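Please read each point alongside the structure.

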Amino acid sequence: MRKFLTALMLVLMLCTVASADEDVIKVGIFNCLTGQNAFGGQLELEGTMLAHTLNPTILGKKVELVIVDNKSDKVEAANAVTRLIENDKVNAIIGTYGSSLAMAGGEVAEKAGVPVIGTSCTNPLVTQDKKYYFRVCFIDPFQGAGAATYAFRNLGFKKAATLVDMANDYSVGLGKFFRDSFKKMGGEIVASLFYQSGDTDFTAQLTALIDAKPDIVFLPAYFAEGAIVLKQAKELGATFRFIGADAMDNPEIVTLGGDAVEGFMHTTFAYDPSMPEMNETAKAFTAEWNKIHPDKAPNVNCALGYDAYILLKDAIERAGSAEPQKIRDALETTKDLPTVTGMTTINATHDAEKDMGIVEIRGGKKTFVGIVVPEI
Amino acid sequence: MQRIRNLILTIIAVVLFAFFLDKAPELLNGYWQRILNLIAINAILALSLNLIYGITGMFSLGHAGFMAIGAYVSALLVLSPAQKNAMWILEDIYPWLLNVNAPFIASIIIAGIVAAFFGLIVALPVLRLGGDYLGIATLGFAEIIRILITNTARLTNGSLGLKGIPAYTTLFMSWGCLGVVLLCMVCMLRSNFGGVLRAVRDDEVAAKMMGINTFKVKVIAFTLGCFGGGLGGALMGNLITTIDPRMFMITQTYNILMIIVVGGLGSVTGSIIGSVLVTTMLEWLRFVENPITIGSINIPGIPGMRMVIFSLLLIIVIIFRREGIMGMREFSWDIFFPKAKPKPKHEKSNHESVLEVEDIVLRFGGLSAIDGLNFNIRHGQIVGLIGPNGAGKTSAFNVISGFYKPTSGTIKFLGKSIGGLSPDEVCKAGMSRTFQNIRLFGHETVLQNVMTGARIRQKYSWWMSLMPFVFTDVLREDSAVKAQAMNLLEQLGLSEFAEEKASSLPYGAQRRLEIARALATRPKLLLLDEPAAGMNPQESDELMKFIRRLRDEFDLTILLIEHDMKVVMNVCDYIQVLDQGIHIAHGTPEEIKANPRVIEAYLGHENTDKETDQIIERHYAKKEGQK
């Protein structure tokens, strides 16, 4: 038994000896492929891999993806990034879903001077004081304000409430920025309620919301809890509307939510397969995605994974080199790059400035209803 | 000689390792340096949990909570005011917190102390629970800590967490901390106080009877373990440079638990080996998630594959070595050298004793276990307490030795009332006992069992055992106790077993060992609960001689419960008889044999009286013959 195991280990070890190649650009991907955030991480990885398949070479050099899992765990995230930089000597890194993981990995990359492009880590702290961390997504204050703007300006609601996941940095941040923005525009926040990730009974909060009589409730939840909230609200006969954020952007929302999600809105990136006027990049992405995954519609996570690669490709081409430092400098000057999720410009804080979209469930279908410019 | 040799070898090993750490930045890339750092931190965490669970036997699932406290305390102390200002974007930070600052080393020590403080607060109510209940209670506590951190945003920045913590955890820092923790822990576990910890794990009841305040010992071990948890958490935070409440979920505790179970519950060496294995394996196995090409076969990478393989390896370890890699054993340089045996010294003692029991009543609800027990024992007497099954003999023992509080009545020991004292206090007053069903510290050596009994006579405090080279009393007292224990073993004919595990001894020897352990507390009164149980006639003959010898050599007064009439009638100077909780008779063996109430209650019918006489006569005849 012991001999057999030793032999097996030896074989496996030999298999891992990688060949070093000068003419290869190595792109590390660290994302949550297992653990609690695996759902988002895997979709993003698929998006990045699609972009790689379509653009296998940059500057005439072959691009090699090195994929490591961060298990949705902070310690692992820091390990994974260290491994990419020290062992695999990658030129740049793409990742990750989950801001806390990005922060753990970002610290390592910052010290080593390797640029990282975040996919959907939306916490403002991720790029704060970081020279090497960028992202293709917008940040929580932007999105919170976007939801408020849409509710106040486009829908004309004057009374709003928030229902926030206290244990989730994303949710807490969005809730605060929504309230600030909504009040600034002249609206009234009639209730601000909380729950904890993993809760399954929201009737107490919903009853309080019904009593407070808001026009709209901002629900920056993850899909697991968000779907239950909507279902229980319907059962309690709530008449106010709900608006969520991009974490509620799930291809299966209608199949899972059924009746209860009808009329639900959420902010998202300016991409959805149901968009009427898609830009060229988005059209190409959707077509290629459907070829490879005929039974699965793409969502924003796939689009962001794809866009991160496009952003990197653009920077390397403009820098004319795959040297980490030069990639970093080029990334900083990205302007009006056509990506799946609209035109991307990297601002001074390394966040992507881009349009924000609103999706509504109408007649059992995700419908892209328009683009919002948030009033911050 | 042996000690000096081992010390030199240890110093050489430490110097070599320090040299390696010094050269590590050149030898290893950043990735392996990080792993090396994690090994040290995991080892600190594993050692601290092992102290609580493996060594003292308290099943605690709260380690992640104490890590969280440590990590936050240290982070809040080392972050600069400017960083704090920038990070609290949702709610404002408490103004006083903004300027609180401490150097890194101070911050991790404070982190440990704060965690230990919380540990103490938890321990006081919770350690009254045992086993699974303790596990649930500590699990709940860790969850409370996490939720508190999430909800006190002005203090902790809530679910956003903290970032930009300076990466102070260098290799020398983490391994230095591990070195200090390891040194203190090994010293403590090698001292007699360490033996006490293991004794509490193996048999809490017996430990109490050895004069040990087991609750206090458990609180100390738990608090020390929490200090380690806080320290490990602080180092972890300063290595990862960012922390948030979700980092400290129950899975964090499971990871540490896994390390100590794989390494061996109760083994310091095991915890170190476990943390090396678990930390490196998890990282090293990453390659199984990459696409693999063997010859012409292409296996695509599967995320999560390494966890599958890792779990399989764990299962294999547990199947083939249930007790973990090291079990309860420890590394010692001695394995490279043949053994030498220490020589014991001699010591003597003398004192006097009296027990007065007056009108003892013990009721459990409506049931009277004892209803009015009165007797005196004079110095040097051997007194028997007899009665049929269920007469209340063992209950009387439990009342006298402090396990039960009498419903009414007084017990005076050496002129002082001991009613209401706990077993350990009774023991300190000078009384010791054995148990009907032998209660030894089974995993410990015979010698350690006896040494545990001597702990109450040692003067050094538990904290001195952390630094025995500073507080040399520890070494001196321990070696004195060891010599005394060896002496006792020799007197009781157990010295050949000294280094063997107590549970591996033959039955008769276990009985004698229990007595030896009781004697190590230097009692004035010894209570023996059925010493002859399970012995054949020849063995019980020896036992009778042994009990008399005990009285003479150790200047003891003895109270014994026994069913073996031959033993009772021969060895006792005086006999007390109980029947269904009622004190029906007392007197010399002759009087008792003639007492009709005793005969009726205990022996059932009159013939037995004659039978007993015959047995005794035959016995004396044999004895005469021997002379």
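**Note on the strands, helix pairs and chain contact**

1. Strand 13 (residues 342-346) of chain A pairs with strand 14 of chain A in the antiparallel sense, over two bridges. Within this pairing, Thr345(A) is found opposite Glu353(A) of strand 14 of chain A. The model discussed here and below is a predicted one.

2. These strands belong to an open sheet of three strands in chain A, with the order 12-13-14 and antiparallel pairing. Its edges are formed by strand 12 (337-339) and strand 14 (352-353) of chain A, each of which pairs on one side only.

3. Helix 11 (residues 300-319) of chain A lies across strand 12 and strand 13 of chain A. Relative to strand 12 of chain A, helix 11 of chain A runs at about 155°.

4. In chain B, the axes of helix 13 (residues 250-263) and helix 14 (residues 268-284) come within 7 Å and cross at roughly 120°. Helix 13 of chain B is therefore oblique to helix 14 of chain B. The crossing of helix 13 of chain B with helix 14 of chain B is right-handed.

5. Which residues form the contact between helix 13 and helix 14 of chain B? From helix 13 of chain B come Met258(B), Ile259(B), Ile260(B), Val262(B) and Gly263(B). They meet Gly270(B), Ser271(B), Ile273(B), Gly274(B), Ser275(B), Leu277(B) and Val278(B) in helix 14 of chain B. This contact comprises seven nonpolar, five polar and no charged residues.

6. A second pair in chain B consists of helix 10 (residues 192-202) and helix 18 (residues 446-453), whose axes come within 9 Å and cross at roughly 100°. Helix 10 and helix 18 of chain B are therefore roughly perpendicular to each other. Helix 10 of chain B contributes Asn192(B), Gly195(B), Val196(B) and Ala199(B) to the contact, while helix 18 of chain B contributes Gln448(B), Met451(B) and Thr452(B). By class, the residues of this contact are three nonpolar, four polar and no charged.

7. Between the chains, 35 residues of chain B are in contact with 32 residues of chain A. On the side of chain B that touches chain A, two or more residues come from each of helix 2 (30-55), helix 4 (81-87), helix 7 (131-151) and strand 1 (292-294) of chain B. The residues on that side of chain B comprise 15 nonpolar, 13 polar and seven charged.

Definitions and conventions
Residues are numbered from 1 along each chain as its sequence is written. Chains are lettered from A and ligands numbered from 1 in the order in which they are written. This is a predicted model: local features need pLDDT of at least 70, side-chain atom pairs count only at pLDDT 80 or more; totals for chains, interfaces and linings use all residues. Axes are lines fitted to C-alpha atoms, for helices over the stretch in contact, and angles run from 0 to 180 degrees between N-to-C directions. Helices (H or I, at least four residues) and strands (E, at least two) are DSSP runs, numbered from the N terminus. Angles under 35 degrees count as roughly parallel, over 145 as roughly antiparallel, 65 to 115 as roughly perpendicular and the rest as oblique. Two residues are in contact if their C-beta atoms, placed from the backbone, lie within 7 Å. Ala, Val, Leu, Ile, Met, Phe, Trp, Tyr, Cys and Pro count as nonpolar, Asp, Glu, Lys and Arg as charged, and the others, Gly among them, as polar. A crossing is left-handed if the near helix is turned anticlockwise from the far one by less than a right angle, and right-handed if clockwise. Two strands pair if DSSP finds at least two bridges between them.
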